[in-house]
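Here are my notes on the model you sent. Please read them with the structure open.

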Amino acid sequence: MYVQGSVLTAPKFESRTDYHPRASPDSSRASIETPLSNTRLHTAIDAMMAASQPYAQLAKALPARLQRFIARYPAPSILPAGATPETFKTGYQEASANPFSRQKHPVTGVWHEPVYSLRRQAELVKLAREHGVEELLPPTVKGSEYQLAHRVEHGLRVKGTGVGQKVKGHQHERMVMPRMERRRNAMLNMPDLMRQWKKVGKYRWKKFPKSVNG
């Protein structure tokens, strides 16, 4: 192309094969956090339960959900020899000593909700009870021990179901026994009634029995 006797040439651009429109400068350094694998989880459990080999073998047979919880919040009974709950704490235990109860912030004084909701607590307790390791869980209102103690202290707390009580029921339900008793007495007195009726006669009889159906 000629403009005023000179030739315009288009600028040359170097082609880049490593360019990607969606790539970010730090994409090479980006990493995705992956969940704890079973091998690493078993290794952590073995380290905590080195002094309790039966507990370690039992923990490996537990569901993955229980394994993760026990690895995060190990019970004092499965700690290594010489370790105490005050000195041997995981990062989760330092953030929350009991994930099943509310925690008060030491500085602000604000109460924080439990790490695990009541629904998740009930699910964990059910899993642990099925596998016989409920005693390894922290104290919770969903635990069998607490539920039994609450039942002993307060009872069923339903009117009519306590000791020496009975449900009121509907009127027709309450009158079943008296009605059946009246029918029974009427059938027992029927021979005497028939003799009186024959003695007095049909046309002079005035003592007609009342209905026992009402």
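1. Start with the surface patch. Leu-118, Val-141 and Tyr-146 make up a nonpolar patch there, with about 270 Å² of accessible area together. Patches take residues with over 30% relative accessible area and no salt bridge; like charges are joined within 9 Å, nonpolar side chains (Val, Leu, Ile, Met, Phe, Trp, Tyr) within 5 Å. A salt bridge is a side-chain nitrogen of Lys or Arg within 4 Å of a carboxyl oxygen of Asp or Glu. Accessible areas come from the Shrake-Rupley method with a 1.4 Å probe, and for residues only the protein chains shown count as cover.

2. A word on the basis. This is a predicted model, in which local features need pLDDT of at least 70 and side-chain atom pairs count only at pLDDT 80 or more, while totals for chains, interfaces and linings use all residues. Residues are numbered from 1 along each chain as its sequence is written, and side-chain values use heavy atoms, with hydrogens and water left out.

3. Val-141 sits in the loop between H5 and H6. The classes are buried under 20% relative accessible area, exposed over 50%, and partly exposed in between (1.4 Å probe, protein chains only).

4. Thr-140 belongs to the loop between helix H5 (118-131) and helix H6 (144-154). Thr-140 counts as buried, because its relative accessibility is 11%. Its side chain reaches the backbone nitrogen of Lys-142 at 3.2 Å. Neighbours within four places in sequence aside, Thr-140 is in contact (heavy atoms within 4.5 Å) with Phe-100, Gln-121, Val-125 and Tyr-146. Tyr-146 is also part of the nonpolar patch.

5. Leu-137 is in the loop between H5 and H6. Leu-137 is counted as buried because its relative accessibility is 11%. Not counting residues up to four places away in sequence, Leu-137 touches Phe-69, Phe-100, Leu-124, Val-125 and Ala-128. Leu-137 and Tyr-73 are 64 residues apart in sequence, yet 8.2 Å apart in space, C-alpha to C-alpha.

6. Now the rings. The whole structure holds six aromatic pairs. Phe-69 and Tyr-73 form a tilted one, 5.2 Å centre to centre with 40° between the planes. Rings of Phe, Tyr and Trp (its six-membered ring) pair if their centres lie within 6.5 Å; planes under 30 degrees apart count as stacked, over 60 as edge-to-face and the rest as tilted. Phe-69 and Tyr-73 are both buried. Which residues do ring pairs link into a cluster? They are Phe-69, Tyr-73, Tyr-92, Phe-100 and Tyr-116.

7. Gln-93 is in helix H4 (residues 91-95). Gln-93 is buried, because its relative accessible area is 14%. A polar atom of its side chain lies 3.2 Å from the backbone oxygen of Pro-74. Gln-93 touches Arg-72, Tyr-73, Pro-74 and Phe-88, residues up to four places away in sequence not counted.

8. Finally, the whole chain. The chain has nine helices and four strands. Helices (H or I, at least four residues) and strands (E, at least two) are DSSP runs, numbered from the N terminus. From the N terminus the order is β-β-α-α-α-α-β-β-α-α-α-α-α. Of the 214 residues, 19% count as buried. The accessible surface of the chain comes to about 17,700 Å², and 56% of that belongs to carbon and sulfur atoms.

Definitions and conventions
A polar contact is a pair of N or O atoms within 3.5 Å; within protein, one must be able to donate a hydrogen and the other to accept it, and residues adjacent in sequence count only if both atoms are side-chain atoms.
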